[in-house]
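Work through the exercises below with the structure open. Try each task before reading its solution.

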Amino acid sequence: MSAQHFDNPEITFQPDHSGGTGKIWKIFWVLSLLTIIELALGFFLYAKHGDLGYVTVLSTKCAIAILTLAKAYYIVSVFMHLGDEVRNLIMTIVVPLVLFVWFIIAFLADGNSWKNLRNTNAGSKPNQTEQIQKETNEKAEH
Amino acid sequence: MSTTAIPSGTKWWSGGKSPFNVSYGKVMMWYFLMSDAFTFGAFLISYGTIRFSVNHWADPNHVFNAFPFAGHANLPLAFVSLMTFILIFSSVTMVLAVHEGHHMNRKGVEKYMFMTILGGIAFLSCQAWEWTHLLTGEHVAMLSDGSLGVLPTTVKANPWGADLSHTEILAALQKSTHEQLVEIASTLHHGTQAVAHNVSALSNQELINQISNSELLHATHSGPIAFGGYFFGITGFHGFHVFSGVIINIVMYLKTKLGHFDQRGHYEMIEKAGLYWHFVDLVWVFVFLCFYLV
């Protein structure tokens, strides 16, 4: 079995594939571990439903989202081999994805603004949002 | 040709070589995946916007708490964990197939491609079961006319609103028709034929008493209609990617078996199919986050 060889003018430097499968299995265990931690946090939110403050729930959900981003990084970098490519290719894929930062913040803020408008009759009934939030929470506790 | 380390200070943009050091096909696969990431991202962000704009959204721990052959056991997160691990594992077998391809080992590529295809089919089967379970589910919820009825989870019905109080349930039952009351009572008895026949003979008041005193009654407001559309739309679009990924993998498996890649001298097609398959796993990581975990 010889290593594969590209007779392709687009590939100036042949990539190095002499490594074993050790790294693949290591990343498999990393991904499994991250998923198990996510599930543990999810069960924590479920088991303590109603007892947790707004900040605790939000920060737990943020922690789960960060773990998800870590999983995404390992899949793209190792399984999809983007980490082994030349910097030019990495940047042409990663830089456009920065748009998501604006995309997520702008649209979730827009959704939240819609909720405030709905609850306050388009701003004519201020301070209603918190009250409705409270009622919803109280109902959920029963 | 032996493997060459890239010398530092290589002038990538001075001409005479590809500045990305990969084939045209692979660059285009990356660009396709990037555009697909924006499509999925737009769907998920749209879902997030609507979810942020309402006071009450369906609690995933209540919606997704079933497991095949487990009856009515309350098992939140269990089935979706199984689906997640199936997809992670099929990603591992895919990257192992790519690895075997690098070493021109046809038997190894065949073995791991076969396992990847099985993983994809297993995932699709799980999804089919989950969809059927939701579409045929029976949940007691308040309808738009204020009466109480039985709703499944579809693109037109969402029974996963906030819980109703006992007083609200009694008021809603008064507005329900005889047929609705019979349906609710049968649901509470898990719809056994004999019981269903029995309850239809009861008067409305007897039915209301039976329903409102039942330990099994769990009645809710209807939730925002958008829930079903987003859930079935996004998991369906992802499922369609898994399905087409399985088709692509089957084609790659057959081409490997026929020795096409050995003749070509490299297994780059397996790498490109692998990029697509890993992307499907990548999207699931975010679907899992947005629909099931938070």
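**Exercise 1. How many residues of domain 1 and domain 2 of chain B are in contact? Describe this interface.**

Step 1. Count the contacts, meaning heavy atoms within 4.5 Å. Ten residues of domain 1 of chain B touch seven residues of domain 2 of chain B.

Step 2. Bounds come from an automatic or database domain assignment. Domain 1 of chain B covers 24-50 + 58-135 + 226-293, and domain 2 covers 139-213. Taken over C-alpha atoms, their centres lie 39 Å apart.

Step 3. Note the ground rules. This is a predicted model, where local features need pLDDT of at least 70 and side-chain atom pairs count only at pLDDT 80 or more, while totals for chains, interfaces and linings use all residues. Residues are numbered from 1 along each chain as its sequence is written, chains are lettered from A and ligands numbered from 1 in the order in which they are written, and side-chain values use heavy atoms, leaving out hydrogens and water.

Step 4. Get the area. The size of an interface is often given as the accessible area lost when the parts come together. Buried area is that loss for two parts (1.4 Å probe), summed over both. Between domain 1 and domain 2 of chain B, about 740 Å² is buried, and carbon and sulfur atoms give 69% of this. Leu134(B), Leu135(B) and Phe227(B) supply 41% of the area that domain 1 of chain B buries here, more than any other three residues.

Step 5. A salt bridge is a side-chain nitrogen of Lys or Arg within 4 Å of a carboxyl oxygen of Asp or Glu. The count between these two domains of chain B is zero salt bridges. A polar contact is a pair of N or O atoms within 3.5 Å; within protein, one must be able to donate a hydrogen and the other to accept it, and residues adjacent in sequence count only if both atoms are side-chain atoms. One residue pair in polar contact is found across the interface of domain 1 and domain 2 of chain B, both at pLDDT 80 or more.

Step 6. Find the elements. Helices (H or I, at least four residues) are DSSP runs, numbered from the N terminus. On the domain 1 side of chain B, helix 2 (60-63), helix 4 and helix 9 (226-257) each give two or more residues. Helix 9 of chain B has the largest share, four residues.

Step 7. Sort by class. Ala, Val, Leu, Ile, Met, Phe, Trp, Tyr, Cys and Pro count as nonpolar, Asp, Glu, Lys and Arg as charged, and the others, Gly among them, as polar. The domain 1 side of chain B has six nonpolar, four polar and no charged residues.

**Exercise 2. Is Ser81(B) buried or exposed? What does its side chain reach?**

Step 1. Apply the cut-offs: buried is under 20% relative accessible area, exposed over 50%, partly exposed in between (1.4 Å probe, protein chains only). Ser81(B) has 11%, so this residue is buried.

Step 2. Locate the residue and its partner. Ser81(B) lies in helix 3 of chain B. The side chain of Ser81(B) reaches the backbone oxygen of Leu77(B) at 2.4 Å.
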